Structure formats: C-alpha cells, structure tokens
Amino acid sequence: MDKIQCECGHLNPIGTHLCESCGNPIGDSEKKEPKKLLDMKYEGTARRSQTYRKTFIDKIWNFFSSVKVGVWIIVILLIASALGTVFPQEMYIPKTVTPSEFYRDEYGILGQLYYELGFHNLYGSWWYMILVASLGISLVIASLDRFVPLYRVLKKQGVTRHDSFMKRQRLYSSTKTNDLNLDKLKDRFVTRRYKVKVENGNLLAEKGRFSRWGPYVNHCGLIIFLIGAMLRFVPGMYVDEVLWVREGETVVIPGTEGQYYLENKKFTMEVYDKDMENEVFENAISRVGDGSIVKNFQSDVVLYERKGEFLHGEEPDLKEVKPAEIRVNEPLKFESFSLYQVDYKLNELNKMTFNLIDKETEESHGQIIVDLQNPQTAYDLGNGYKVEVATYLPDFFFNDDGIPITKTNIPNNPAFVFKMITPETPEGETSFVAIQQTIEAAGENKFKMKFESVETKNLTALTVRKDLTLWILGIGGAIFMIGVIQGMYWNHRRVWIKHNEGEVLIAGHTNKNYYALAQEIKILLEGTSLTLPEDQKERK
C-alpha cells in the first residue's frame, strides 16, 4: 500500500494525520486549517478501518469498528432487554400451564402478541444471543482498531517534534532566549515522577501513559463479562429452577441429568406465638394477628444419588448421600448445586375417598381412593361393581359456554366424571362429582358416588441453583472496574521542550485536566526565564 512521506523523510501509512516520527501535520484536514489545535485523540495514527476498504473482511471490520455501530447495538440491546421485562419470562410462569394459553388468558391480546413474537423466552432466543455476540465483536474490533496503532506510536514517539506540532498544542509558549539549562529542568521533571528523554538539546517528559489504556481494559472486562453471560445458556453451566416436592415424595433434581434425587421427609412451618415471645415482639404480633407471622419454615430432606445407568420405565436404584434440613438462607449444597428454601404450600389436596352407594338402600358396594396426582382410570370393587374415571379436572371451572374445564394440573378444585358399572346397571351410569357439588346425567341414577374423606399434604418449594459462570463474571467485572479507575483517576501528561536557534518552544498535552497540567508546568518552570505556556483554547 502507498505511504505518505513527511518532510522529515519518514514514511507513514495512508490515513495518518500526524507524522509518526516528528508530529508534523500531514493530513488534509490538518493542512487546510493550520491554526486549529491538533486532534490528539489517537495521536493522528492511521487505523485499519481508515486504510483498508477493499475486501469483504475489510468491510466487516470497518462496520464493527465504528463507535456509532457499537452505540446502536447497545441501544437495541437495552430496548430488547426492557421488552423482556414487560411480562414474566416463561421460566417464571407455572410449569403446569401451557405458555400460549397463560399469556393469552393473563394479559389478553398483548400477552398473546408477546408470546407470538417470542418475547416470552427473550434472553435465550437466537436473535438476542446474536445481539450480545455482535456487541462483543464490536468491542473487540473497535479496541484492536485503535489500540494497536496507538500503542505503536506512543511506544516509538520521538523527542524532537516539528514546530507546527508544538504550536498547535493546547498548552504552548515561545521564549526568545538561548538560556536553557536542560539538565536542571530534567532533574525537576524527574522529581515529579516524569520519565524524561533528551535528544539533540530537546526534551520530552511523560508520565501516566498507562491511563490511556483504561478504556481498552474496560473493553476487555466487558468482553469477559459477555462471555460469562453467554455461557449461562450452555447446558450444564447454569441452572435456576424451582422444584416443588410434596411430603413423602422423591423427585429428580433438575439440571442433574437424572443423577440426583431429593426426598421430602417432612415440611415444618413455625409461627410466632404472642404468649411465647418477649415484649419486644408482642405488640407487633398483636397488631398483625397471633399466628400470622411465620417464624421459620424448613424442609427435612434426604439427598440420593442414582446408581448405575438410567433406564426408561424402571425405578432408579438410589443410594442415600446425606440427610439435611433446608431453611431460608441455609441451603443444601452438593457438588456445584445449592438448594434454597423459597416457598411452601400447606394442605394441598392429595387423595380423595369415595363410596359407591345404592341410593335406595344406602348400602355401600365398595370404596375407592383416588390419588389426585396420578389417578387410575378404573377401580374394580368386585362382585361386578366397577368405577371408571371418565374425566378428571384437577382445577375445574365452567367456561363461558358452561363447559367444565381445568385451569391447571394442580388439584386446587378437583372434579370427576365417574362411570358406575354394576350388575343392575351393566351399561353404566354417569355422575359429575366435585367438591360440595354432584351433577347426575339426565334421568335418575340408582347409584351414586359419595365423598367420604380427603387427605392433604404440605409442599415445599426449593430453588435449584448452579452457576459455573460466576467466576468469569467476577473476573470480567473486576477488570472492568480496574479500567474505570485506571482511566478516571490518572491522566497522561506530556511536555515537549524544543530548543531552536535563539528560541525555546514549550508545548504540553494531556488527555484530560489541562488546568492541573498548566499548574504543574508553572511549578517546574519556576525560577527560569522561560515563558509559561498559555491555554490556546481559552485564548480563542
């Protein structure tokens, strides 16, 4: 590629605004406005996005290296993330309902549209992942596009700078004199912790260069953080599920691939008793109501591990790992998992008992016990008496058309359609039975299903959490904060002193806080005959 040759003879890449060797302005915009202060943002270096524009890779690089593109990606991500909070994500809705029906029934047309557009599972969608990946690509390319040339020119920056470079710095002064004690000035700069270079009677004093890398350290931290966030969608890296377990029930723990099981031996809830507490809590308990404030709720559980391979249709062979008591903020931990106590439900209907009764004689011909979690389809009572469960509605209600349907699969309000088959009625009789409600088919039945009793169980809700990305997120966040501190609390200061024939030029530059630099130069030049640099921006 063609080079731009400066007056000093140095060859600079196309797109360079200031000569890498002497700092002479060689860019078109700098030449057109010779009185304008120099743009020292990237030391006038040529960036790849400004020099390579031909191939497809160049176009991709140039697209993602644009700060505007990065800002727009962030804006789109923020808007998309906000849309994901309008309604609950699918992971937070009840597992027993159909997502499409839930959003339609709970939130109407907007909820249905929300589901159809895929916002119900926004943060795991392919297009959201592409946006996050695009932000990461933008950060990498934009950083490399600026960091590499900036590092190169700062590492090799010359001491002797062109007169036009000196005159177009923000802090500048010119003194007509030959009286320049360079050694004395060098010692003063060194005492102020400057790194000093001397060349041909000229001086460059510099300190705080590391602050220039603050934004790039920020970008590195953000990239690592984004990688950690995206890894959460890799199977096995992140689990955050709610597990409901009934007393006496053993269930597989989500995210363990069927390797670990949990048995709920007992659930216990304790409330504050006004008579048993001291005076400090007595007034508060009286105000809320005795027995209304939960003191503690815990689950006594047993953790099991499956032995051997898992075979569908067979009961797993479980080995007890350890018993535990799970309370709020006292989780059960094993391997990379933690089980937290988060909720409970008392006295959920578990089993219901019915008798088959002859309506005329009130004689019972048998009893059935219906497991509301897993009811049988038929119950044989012997002697030709049989009861079939034609329909089971765990949480029934009548819709607008008067048809009984169920809201959920949880037995909050169970109802049954029984078909009663007896020697007297071999064709069977039908009866709709709900809690405190029995509806028989047209005509009078000879038999009926009579409710006898109900068995309830307590449920405990546990959050199953596994996060193998926390250390990545922590490292990314720490690096990001280091970059923030690095770029915020330090600044890059440089002072050039050039000795021409009968004249001494002084120029100063910093990436921020020119007032502090001007005051520091004032201290350094105290007692000399050199003119203090003036802020040319304020003068204009």
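How many bridges pair strand β9 with β10, and in which sense? Before the answer, a word on the model: it is predicted, so local features need pLDDT of at least 70 and side-chain atom pairs count only at pLDDT 80 or more, while totals for chains, interfaces and linings use all residues. Residues are numbered from 1 along each chain as its sequence is written, and side-chain values use heavy atoms, leaving out hydrogens and water.

Now to the strands. Strand β9 (residues 294-307) and β10 pair over nine bridges in the antiparallel sense. Here strands (E, at least two residues) and helices (H or I, at least four) are DSSP runs numbered from the N terminus, and two strands pair if DSSP finds at least two bridges between them. Lys307 has Asp317 in β10 as its bridge partner. Both strands belong to an open, antiparallel sheet of four, ordered β7-β8-β9-β10. Because β7 (250-252) and β10 (317-326) stand at the edges with a single partner strand each, one side of each is left without a neighbour in the sheet.

Next, look at the open sheet of six strands, also antiparallel in its pairing, with the order β4-β5-β22-β23-β3-β24. Its edge strands, β4 (195-199) and β24 (534-535), each pair on one side only. Strand β3 (residues 171-175) is joined to β24 by two bridges, and Leu171 stands opposite Asp535 in β24.

Finally, visit helix α3 (residues 56-65). Its buried residues (under 20% relative accessible area, 1.4 Å probe, protein chains only) are Asp58, Trp61, Asn62, Phe64 and Ser65. These residues pack against α2 (48-51), α4 (67-83) and α6 (126-155), where contact means heavy atoms within 4.5 Å.

Methods. Buried < 20%, exposed > 50% of the residue type's maximum accessible area, 1.4 Å probe, protein only.
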